[in-house]
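Let me put the structure up, and then we'll walk through it together.

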Amino acid sequence: MENNKERAQWASKIGFILAAAGSAVGLGNIWKFPGKAFAGGGGAYLIIYLLIVLLIGVPVMVTELSIGRFTRKNTIGSFRTLDKRFGWVGWFGVVCAFVILCYYSHVGGWVLSYIVSYITEGSTVMADGLGYFYGFLGIDAATGATWFPTRAIIFAFIFVAINAFILLKGVSGGIEKFNKVGMPALFVILIILLVRANTLPGAAEGIKYMFSCDWSKINSGTFISALGQAFFSLSLGMAIMITYGSYLKKEENISKNSFIICGLDTLVAFLAGFIIVPAVFATLGSEGIGKGGGFAFASLAGVFKAMPAGALFGVLFYLLLLFAALSSSISIQEGIVAFCCEEWGWKRNKTIIFMSIVCFAIGIIYTISQASVNITIPWLDFTGVSHPIAGDWMEFLTDRLLLPVCAFGECIFVGWIWGPKHVQEEVCQNDAKFAWFKVYNFLIKYICPIAIAVIIIYSFATGTTVS
Ligand code: PHE
């Protein structure tokens, strides 16, 4: 294992935890989770999600961090070192991270642009949230006229530049430092928004809904959707946690840290649920709840409009999204950069700049395909050939194929080839405790791969994305 002496390391325990939690806490927690929790019967969904995180999220997190720390390599290097036949698992992870980075950084740019919009022309945005969002993406909702979404692209460029700037400062000097400020800031904003949302007249109905368990809303689709959400939200099945684990000191307890990281990520998702659901109940009514970009950029304008000092809370909300998006996108890019530098011998700084430019350029297709230019790419599954827009196609590729197949490969490799015992040895370095190893052994061999296989089959059989 050459070069290990020079390999970057996290400077502090808390720095690592915040960086890993920062990777996990992202747009998925804030704009997807609340809508899913609402659709899944409030409290009933929260219980199911929590169980999935415990039974599947935590074991896979332990697995990825252990592989990374054991090999001290990037994702592909890790698998190649352990077993040449499994290098493809790493490839799925790195390619997945690459595609996600292309679109995630553009959406991050939209978030940045919305912060500026709420500061400079909040009342215009709030007056017609949907029209403004369409206009931002380059289409006139009324006439159908289209134009190039220059503003969205410029802000994506700025976002990518900030991302690169942080990475250029290194693992502990950039990623760790940013998260030490960004994550506490994120929590402060969350608390402010939580208080604001829950003191709106009419919010009580939303809180009641989130605490009640409407089991009639649960079906097999709910389970699968919660599973997909957990994987994406915990940044698993990608190049990330293996890479982050490779910078981890032997003194750190991987089992305990995995619980903390998964716990923080889930806490933020729940808090977001307890912000969005009551706020929408109080302003737009329960039928106003949705999820994803359309909901976050368009529908929420109506929520801010209906509350005093709405533009200010709009700025705070998009700031929250910005911190969440940045700490995730730096992790995604780090996974790719570590691979290029270690496997291909590229120089770190040049790789960061090159990757930033390439991802920004490919991401342009994502942004313009939303509305202004009609670009579709064929997608094949068991329901036949469909022609999603390029933006959706990129998400299908990562969420339905690359991410779950990588995670599946990891479980099969660790559970059946390399052996859970190796994970146990790695976790137990420096006398760290791994009291639940027997449970881990069972979960990683049977429950995790079966659950992930179900995600893959379901996505391809029904043509739906579950994350
Ligand atoms: N976990 C992040 C979220 O919830 C997204 C992410 C995906 C981060 C992939 C890193 C890698 O939005």
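So, find Tyr318 for me. If we skip the neighbours within four places in sequence, what does Tyr318 touch? It's in contact with Val111, Tyr114, Ile115 and Tyr118, and also with Ala296, Phe297 and Phe304. Keep in mind that this is a predicted model.

Tyr318 belongs to the largest nonpolar core, which has 167 residues. Together with Phe231 and Phe317, Tyr318 touches the most other members of that core. Apart from that one there's another core, with five residues, including Ala156, Val160, Phe360 and Ile368.

Now the ligand. How many residues surround it? The count is 16, and the closest ones are Ala24, Gly28, Tyr104, Phe232 and Ile240.

Which helices supply at least two shell residues each? Here's the list: H1 (13–24), H2 (27–39), H5 (87–127), H10 (220–233) and H14 (310–344).

Let's zoom in on some polar atoms. At Ala24, a polar backbone atom is 2.9 Å from a nitrogen atom of the ligand. Over at Leu27, a backbone N or O atom sits 3.0 Å from a ligand oxygen atom. And for Ser233, a backbone N or O atom is 3.0 Å from a nitrogen atom of the ligand. On its own, the ligand would expose 320 Å², and the protein buries 100% of that.

Terms used. Residues numbered from 1 in each chain as written. Predicted model: local features only at pLDDT ≥ 70, side-chain atom pairs only at ≥ 80, totals over all residues. Heavy atoms only, no water. Near = heavy atom within 4 Å. Polar contact = N/O pair within 3.5 Å; in protein donor to acceptor, adjacent residues only side chain to side chain. Areas by Shrake-Rupley, 256 points an atom, 1.4 Å probe, with all protein chains shown as cover. Helix = DSSP H or I, 4+ residues; strand = E, 2+ residues; numbered from the N terminus. Core = buried A, V, L, I, M, F, W, Y, C linked by side-chain atoms within 4.5 Å. Buried < 20%, exposed > 50% of the residue type's maximum accessible area, 1.4 Å probe, protein only. Contact = heavy atoms within 4.5 Å.
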